[in-house]
Structure formats: structure tokens, C-alpha cells
Amino acid sequence: MKPSIYNLTRDELIEWAVEQGQKKFRANQIWDWLYKKRVSSFEEMTNLSKDLITTLSETFCINPLKQRIVQESSDGTVKYLFELTDGMLIETVMMRQHYGLSVCVTTQVGCNIGCTFCASGLIKKQRDLTSGEITAQIMLVQNYFDQRAQGERVSHVVVMGIGEPFDNYQNVLKFLRTINDDNGLAIGARHITVSTSGLAHKIKEFANEGVQVNLAVSLHAPNNELRSSIMRINRSFPLEKLFDAIEYYIETTNRRVTFEYIMLNEVNDYPENAQELADLTKKIRKLSYVNLIPYNPVSEHDQYSRSPKERVEAFYQVLKKNGVNCVVRQEHGTDIDAACGQLRSNTMKKDRQKAMVDISN
């Protein structure tokens, strides 16, 4: 299959155009058609020559994704299941916030991090997504709202979908530079958040990239024993290594880090866990933030359940008493396949069941 033109940053597109004997401004015209006018075919680029359109069509495709399923929640959340050109499935979620439309993108097909509570890891990593496949998720969500002619625009992006973003580092970095480009989608760096499960060496590398996007760390436990039991990544990057990298990131960028903490009933939600978390983050308290997340149950992980509101409140109060900046995350899409990876997993089950029925018939 031809690669998506979304794989190219604007500088790479300029370089490609020059190699084709074109002037630099032609690349800027193409970029404008892609990200401002948001066309779905090269033939719509009416100010380009027929020869250039032919070359583009023979070299690239635009959209590398096919929409399989769209689920719309009563709260305005929209969940998409996309099929890649090789038949693999990924998820993307659009959430309505008070500040605008926020899109959560996927960076890998499957996940190898091995978090025992997560639907994303039910299918092991098959491959990384290209930067174009990640960018296409934003473009298709934006096109979904363009077609409704309501003038709504994707204003915020979170890189928290299926996969570990820092395990697909270079493609994610290209994606960030593409959507942040002032001449394209122009999504502000402060409106973009990248989440990692804790690849300490990549956090340090990211600190030196000069990008001003937000960093979130999936913490979910305040000590090594508990964290290793629910997050396999902690065996390679225990809290000592992780927090050394986080402190380096904060010192280098002077930017705040958000800690994501899923509340698992009678697992990590005891008051003493909250005190451990407060002590763990004490050194970086002024530049850190804790996000307490209600758990979306997954049938394959029935050993876990959602913390009752009174346990979440007690946990929250311990953090607040210790001066920790924290909030309980607002839920989105609870009446659809809410957990990350759930729609994909359920669809794959149905596809397998259908295949078995077809074979038996």
C-alpha cells in the first residue's frame, strides 16, 4: 500500500516537493489543502498542476484508515473503531470538555506494557502506528464534525489510547510536530498531553526535545511492591528510576507533570496508599498534579472493580490534607464501550465468533 502523505512533516513535504522539481510554495499549498481545507483526495487540490496531482496520487494516499464503528454517548463522547490498511483495528475517542473537543489517539496496535487491569493489553502489540496513522485519527474526527457544519474544531489532544507512546517514540514525535504546526491544524502545545506508563529513559529524552506539550505519567500505585504487581513495567523501571527521570524532566523543562491514578477497589485505594502517594510526590509537589480516575471494569479482568465513591473521597481528602494538587476525573462515555481498548476487544471477539459460525456452516 502507498504511504499516507500525513506521514510527512511540513519540512519533509517541502523536501519532497523540491526533489520533484517543484518550488517550495507548492508544498505549502499541499499542506494547506491537507490541514486547513482538509480535502479527502488529491484531485480536490485545484491550484496544483495535473502532473503534480498525478505524482501525488501515484506516491501517496491521504487517508490510511477506514471507519468501522462509531459509538455516540449521551454525554457527547464519540468512540471510533478504525481499520488500518492491513486489517488491524484501533480506537480513537472524542470527548466534549468545557474547553472544547478533546481527542484521545492510539499509537500502537495492541500493547506490551502488561498492566493487569487494562483492556488495551488484552491483545499483545502487533506493530507501531506510523505518524500518518496517528495524524489520520485527528483528521477523521475533525472531518466527522466538519460534515455536521457546526464549526466545531478539535482543540485538545491526549496521547493516551492503545499502546505506550514512548515505545513508538519517533512516530509520536513526528505526529506532535505535525498537529502543532502553526500553518496546519495549529493545536497549541499546551493543549497536547502525552502519557507514558513510565519508560524512564524516554522521559529524559523527551525533556530535551524542546516541545512544550504536557506530560502525564500512569502511576496507579505509590510503592514498588504494589505497582509491580499491577504494572509489569515497574519491574524494569521501579519508582526510584521513574522519579529520577521525572525530576530531570521538571528541572529541564520547568513544566508540571500529571500523575494518573486509577482507583481499584481494595487494591490501591486505602488511606495509607494516599499517604504514600503524598510522600512520594512531596519533593515535586509544586510542579505535579494527581488525577484520580474511576475504573471502567473489564470482563477479562474481573479481579478488579471500581472504588466506591466514599473510598475515592477518603483517598482524595488525605491527598488534599497533605497539600497535593488533585482532582477526581470527570467520566465520559460510560454508556458505551468506555474502557480504552474495550470496543476493539469486543469487536474482535464478535469477528472471531462470526468466522467460527461461517466455518461451521
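How far apart do the C-alpha centres of domain 1 and domain 2 lie? The two centres are 33 Å apart. The model is a predicted one, in which local features need pLDDT of at least 70, side-chain atom pairs count only at pLDDT 80 or more, and totals for chains, interfaces and linings use all residues. Residues are numbered from 1 along each chain as its sequence is written, and side-chain values use heavy atoms, with hydrogens and water left out.

The domain assignment of the protein places residues 5-59 in domain 1 and residues 66-353 in domain 2; such bounds come from an automatic or database domain assignment. Eleven residues of domain 1 are in contact with 16 residues of domain 2, contact meaning heavy atoms within 4.5 Å. The size of an interface is often given as the accessible area lost when the parts come together. Between domain 1 and domain 2 about 1,200 Å² is buried, and carbon and sulfur atoms give 54% of this area. Buried area here is the accessible area (1.4 Å probe) that two parts lose on being put together, summed over both.

Seven residue pairs are in polar contact between domain 1 and domain 2, both residues being at pLDDT 80 or more. A polar contact is a pair of N or O atoms within 3.5 Å; within protein, one must be able to donate a hydrogen and the other to accept it, and residues adjacent in sequence count only if both atoms are side-chain atoms. On the side of domain 1 that touches domain 2, helix 1 (10-19) and helix 2 (24-35) each supply at least two residues. Helix 2 gives the largest share, three residues. Helices (H or I, at least four residues) and strands (E, at least two) are DSSP runs, numbered from the N terminus. By residue class, this side of domain 1 comprises five nonpolar, two polar and four charged residues. Ala, Val, Leu, Ile, Met, Phe, Trp, Tyr, Cys and Pro count as nonpolar, Asp, Glu, Lys and Arg as charged, and the others, Gly among them, as polar.

Three salt bridges cross the interface of domain 1 and domain 2, a salt bridge being a side-chain nitrogen of Lys or Arg within 4 Å of a carboxyl oxygen of Asp or Glu. Asp-146 forms a salt bridge with Arg-38, with 2.7 Å between the closest N and O atoms. Asp-146 lies in helix 4 and Arg-38 in the loop between helix 2 and helix 3 (50-59), so the pair ties together parts that are 108 residues apart in sequence. Asp-146 is partly exposed, at 30% relative accessible area, and Arg-38 is partly exposed at 23%. The classes are buried (under 20% relative accessible area), exposed (over 50%) and partly exposed (in between), with a 1.4 Å probe and protein chains only. Gln-142, also placed in helix 4 (residues 131-146), is buried, with a relative accessible area of 3%. Residues touched by Gln-142 include Arg-38 and Glu-152, not counting residues up to four places away in sequence.

The structure holds 18 salt bridges. In one of them, Lys-283 pairs with Glu-247, the closest N and O atoms being 3.3 Å apart. Lys-283 is in the loop between helix 10 (271-280) and strand 11 and Glu-247 in helix 9 (residues 239-253), so the pair ties together parts that are 36 residues apart in sequence.

Ser-307 is in the loop between strand 11 (288-294) and helix 11 (309-321) and is buried, with a relative accessible area of 5%. The side chain of Ser-307 makes a polar contact of 2.8 Å with that of Asp-269.
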